[in-house]
Amino acid sequence: EVSVSSVRDYAMRALTATTSSAKVKTLVVDMLNYGAAAQTHFGYNTEDLANAKLTDAQKAWATGDVACTDRRVKGKNYYGSNLALEDKILLNLFFTNCTEGMTAKVSYIDYTGKTVTADAELVRYSGKIYKVTVDEIVLADAFCDVTVTVYDGSTVHASATDSVESYVARAEGSDLYATIIKFASSAKAYFS
């Protein structure tokens with residue numbers, strides 16, 4: 001016999017398990033709410049939203065509004081930022097006047113307090129605009145300021161500091177981004 005399950009099925013079992021802590025329940029509800037907001041935003045399977053099976057009592061476990069602060073620092077040759085919402089939430093930073101052969105580094109202090117420094121791929125986006133995708137962060141790092149520095153040899157060509165939280169602060173009024181930061185908040189609380 002074949003057993004079929006989904007992320008929602010697993011989540012609903014976690015919500016009714018007597019061993020699930022309040023932090024787990026909040027994380028799961030926030031995850032389902034983010035899934036539903038993404039479905040609505042992208043117009044995917046909107047007749048069966050991820051959070052459709054939540055009871056009113058379960059809905060009450062969701063994280064409330066999260067105040068976000070924009071701490072972005074626009075350095076030399078910074079062009080802009082965005083979030084890529086794929087199989088994970090990615091922070092992209094864009095820089096101008098770049099050329100082939102330039103390199104980039106990412107640095108930040110993660111949600112556990114550990115300093116992370118990594119080489120990053122600098123990819124041509126359009127003309128002399130290049131993109132760095134910050135793939136090192138996890139959901140709980142959404143509140144961590146990430147600095148990207150672009151080098152031309154050993155000389156700093158460009159830099160910027162941004163975060164998922166800062167981006168969400170600039171995207172006021174978006175239900176999708178509000179649910180992302182709530183999910184990130186409960187992930188940070190759960191893993192901390």
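This is a predicted model: local features need pLDDT of at least 70, side-chain atom pairs count only at pLDDT 80 or more; totals for chains, interfaces and linings use all residues.
Figure 1. Gly43 follows the helix and has a positive phi, near 65°.

**Figure 2. The stacked aromatic pair of Tyr34 and Phe183.** The structure holds five aromatic pairs. In the pair of Tyr34 and Phe183, the ring centres are 6.0 Å apart and the planes make an angle of 25°, a stacked arrangement. The two residues are 149 residues apart: Tyr34 belongs to helix α2 (residues 22-42) and Phe183 to helix α5 (residues 175-191), and the pair links distant parts of the chain. Tyr34 counts as buried because its relative accessibility is 14%, under the 20% cut-off. Phe183 is also buried, with a relative accessible area of 13%.

**Figure 3. The edge-to-face aromatic pair of Tyr167 and Tyr177.** Here the centres lie 5.5 Å apart and the planes 85° apart. Tyr167 is in helix α4 (residues 164-170) and Tyr177 in helix α5, so the pair ties together parts 10 residues apart in sequence.

**Figure 4. The five-stranded open sheet.** The strand order is β1-β9-β8-β4-β5, with antiparallel pairing. Strands β1 (73-74) and β5 (115-120) form the edges, each pairing on one side only. Strands of a sheet pair through backbone hydrogen bonds, either parallel or antiparallel.

**Figure 5. Strands β8 and β9 within the sheet.** Seven bridges join β8 (residues 146-152) to β9 (residues 155-162) in the antiparallel sense.

**Figure 6. The largest pocket and its lining.** The volume of the largest pocket is about 270 Å³. Its lining consists of Val7, Arg8, Met31, Leu32, Gly35, Gln39, Tyr44, Asn45, Asp48, Leu49 and Ala50. Helices α1 (7-16) and α2 each supply at least two of the lining residues; α2 gives the most, with four. By class, the lining has six nonpolar, three polar and two charged residues.

Definitions and conventions: Residues are numbered from 1 along each chain as its sequence is written. Side-chain values use heavy atoms; hydrogens and water are left out. Two strands pair if DSSP finds at least two bridges between them. Rings of Phe, Tyr and Trp (its six-membered ring) pair if their centres lie within 6.5 Å; planes under 30 degrees apart count as stacked, over 60 as edge-to-face and the rest as tilted. Buried means under 20% relative accessible area, exposed over 50%, partly exposed in between (1.4 Å probe, protein chains only). On a 1 Å grid over the protein atoms alone, a cavity is a set of points where a 1.4 Å probe fits but cannot get out, and a pocket is an open set with protein on both sides within 12 Å along at least five of seven lines; lining residues have an atom within 4 Å of a point. Grid points are joined across faces, edges and corners, and a volume is the space filled by probe spheres set on the points. Ala, Val, Leu, Ile, Met, Phe, Trp, Tyr, Cys and Pro count as nonpolar, Asp, Glu, Lys and Arg as charged, and the others, Gly among them, as polar.
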